[in-house]
Amino acid sequence: MRDRSVLALPLRTVVAHRVRSHKEAVVRMTPRPDLLARLARHTQQREQANLRRRLHTIDRVDGPWIERGGRRLLSFCSNDYLGLAQHPALIAALKRAADEDGVGSGSAHLIAGHRRAHDALEEALAEWTGRERALLFSTGYMANLGVMQALLERGDLCVQDKLNHACLLDGAQLAGAALKRYPHGDVGAAARQLAQRGDAPALLATDGVFSMDGDIAPLAELAALCRREGATLMVDDAHGLGVLGARGEGSVLDAGLDQDDAPVLMATLGKAVGCSGAFVAGSASVIDGLLQFARTYIYTTAMPPALAAATLAAVRLAQSERWRREKLRALVARFRRNAQQLGLPLMPSSTAIQPLLLGDAPSATAAAHALEHEGFLVTAIRPPTVPQGKARLRITLSAVHQESDVDRLLDALSRALRALPV
Ligand SMILES: *Cc1c(COP(=O)(O)O)cnc(C)c1O
């Protein structure tokens, strides 16, 4: 039975205010809503809508395999696209640097937290992405918040794809910009939104590869639009870096765009690079501006230097071991070819993110459960992460998967989807 006690919490916590007056003390009765009770109500509404999120502890990871609750599952939901997260070279670099430097950086970059390992990593990232400089942030979320808050002032225009990552939307709102969201990939709509406020400083921000859909933004068209409109283009390449381009340099260079076309490039280090953290790359002047004004850079502890050392090892492997990208590409092609033959609801993606669109949240949840029963871990992505009616299985492929893994997944998927009520 559902616990109703939460709903019954005293909402009318009555607070009596004494209002000053010479003649008499007027007692005003103000019911102040209780924040904790409201939060609990929202959680219970999620539960009732079958949208409650749950945390599962993973006991062990071994390549694409994970152990959870005493079961071994073949996982198709990691963003470790190149299979670097457990690479011995990263582990060795981490250990070596930790032996020398310890664990914590001790302070923010601008105080005394910026070590040689950070410097070396920033230089490698700038070179990789074809830019003058790069600046490390502790997470991608913080990088995007910091960039937006440094660039945008109250009332500036920020135009964004509707399917951008949550932290880009949050960043614009935190900065107090006027946020306009255009329909997914619709360059014409973006143009109209920019033209409506031709006098305002404007940032156009887009994911390079969309995190829940896997498709690539029309970057060349967006760059041309920004040039015409005098707007600044910012690309979040969390899912493109390491995956796209001959050396894994990401979606921006792969689209033939340079630092002038897309002056602000953010990418994360926790996905294809297999580590954790993020960076922004651009001209020396953009990066120096961020160093002055990005609050999420200034007022936070620098990432552990040993992590920076491990990340540098990962960047070197991501650049040089082309076979990882090629293997990933071959697995993606195999998955799509066979999924199409099986009539699975593929979405138009050529990247490692291969969602199957199921529509309603219960179908996505049921399919994920059926797959788990067969030994596969595939997450159901439901609203509000994706729009209503667009619930899906988000399948991600990695260079650590084998062809036979993909084939077995496809068999299980086709059984699981056939078993769904129509
Ligand atoms: C994961 C992700 C982020 C956030 O990066 P973290 O380092 O995990 O905080 C930002 N943008 C996109 C598109 C992402 O997929």
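Before you click, note that the model is predicted, with local features needing pLDDT of at least 70, side-chain atom pairs counting only at pLDDT 80 or more, and totals for chains, interfaces and linings using all residues. Residues are numbered from 1 along each chain as its sequence is written, and side-chain values use heavy atoms, leaving out hydrogens and water.

**Stop 1: the interface.** Here 21 residues of domain 1 are in contact with 19 residues of domain 2 (contact means heavy atoms within 4.5 Å). Together the domains bury about 1500 Å², 59% of it on carbon and sulfur atoms; buried area is the accessible area (1.4 Å probe) that two parts lose on being put together, summed over both. Now select Tyr81, Arg325 and Thr351: in domain 1 they lose the most area to domain 2, together 30% of what that side buries.

**Stop 2: a salt bridge.** Show the side chains of Asp213 and Arg392, which meet in a salt bridge at 2.9 Å, N to O. The rule asks for a side-chain nitrogen of Lys or Arg within 4 Å of a carboxyl oxygen of Asp or Glu.

**Stop 3: helix and strands.** Select helix H13 (322-341), strand S13 (353-359) and strand S16 (391-396); each supplies at least two residues of the side of domain 1 that touches domain 2. Helices (H or I, at least four residues) and strands (E, at least two) are DSSP runs, numbered from the N terminus. Which element gives the largest share of that side? H13 does, with 4 residues.
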